[in-house]
Amino acid sequence: PSPPPPPPSPPPPSPPPPDPAECFEMHDASDYRGSVSRTVSGHHCQRWSAQAPTQHPYAPVSQFAARGLGDHNYCRRPGGFPCAWCYTVEYTHKGWECCDVG
């Protein structure tokens, strides 16, 4: 007699659910509140509360809290830009770059 067949393999584990903080609902990512802090080309983001190396009009950040700005360097889309973005610590010709937030 031949041995019995092996039991079926268990199903692969399910992927973890997405981190709700890394999600957004608006098609333009204007409600993104995650923690991506590098641009699409790998540059580090400048803190929104800092005015160096790039000075910007989003100060004081407390006036822009509803747009997700604060004492952090996470990518955001406070308005008018085609993507979630940040000012960069490293030199770029624009001083800012888009981020890949999903």
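Visitor: What are C75 and C99 in this predicted model, buried or exposed?
Guide: Both C75 and C99 are buried. That word applies when the relative accessible area is under 20%.

Visitor: What makes C75 and C99 a disulfide?
Guide: Their sulfur atoms lie 2.0 Å apart. The cut-off is within 2.5 Å, so this pair counts as a disulfide. In general, a disulfide is a covalent bond between the sulfur atoms of two cysteines.

Visitor: Where in the chain are C75 and C99?
Guide: C75 is in the segment before β1, whereas C99 is in the segment after β2 (96–98). They are 24 residues apart, and the pair links distant parts of the chain.

Visitor: How many disulfides does the structure hold?
Guide: There are three disulfides. One of them joins C45 and C86, with 2.0 Å between the sulfur atoms.

Visitor: Why is it said that C45 and C86 tie parts of the chain together?
Guide: C45 sits in the segment before β1 (85–87) and C86 in strand β1, so their link ties together parts 41 residues apart in sequence.

Visitor: How do you know that C83 and C98 form a disulfide?
Guide: From sulfur to sulfur there are 1.9 Å. That value is within 2.5 Å, so the pair meets the definition.

Visitor: Why is C83 called buried?
Guide: C83 has a relative accessible area of 11%. Buried means under 20%, so C83 qualifies.

Visitor: And what is C98 called, with a relative accessible area of 24%?
Guide: C98 is partly exposed.

Visitor: Let us turn to the rings. Why is the pair of W48 and W85 called edge-to-face?
Guide: The ring centres of W48 and W85 are 5.0 Å apart, and centres within 6.5 Å make a pair.

Visitor: What lies over the face of W96?
Guide: K94 does, at 4.2 Å from the ring centre.

Terms used
Residues are numbered from 1 along each chain as its sequence is written. This is a predicted model: local features need pLDDT of at least 70, side-chain atom pairs count only at pLDDT 80 or more; totals for chains, interfaces and linings use all residues. Side-chain values use heavy atoms; hydrogens and water are left out. Helices (H or I, at least four residues) and strands (E, at least two) are DSSP runs, numbered from the N terminus. Buried means under 20% relative accessible area, exposed over 50%, partly exposed in between (1.4 Å probe, protein chains only). Rings of Phe, Tyr and Trp (its six-membered ring) pair if their centres lie within 6.5 Å; planes under 30 degrees apart count as stacked, over 60 as edge-to-face and the rest as tilted. A charge sits over a ring if NZ of Lys or CZ of Arg is within 6 Å of the ring centre and within 35 degrees of the ring normal.
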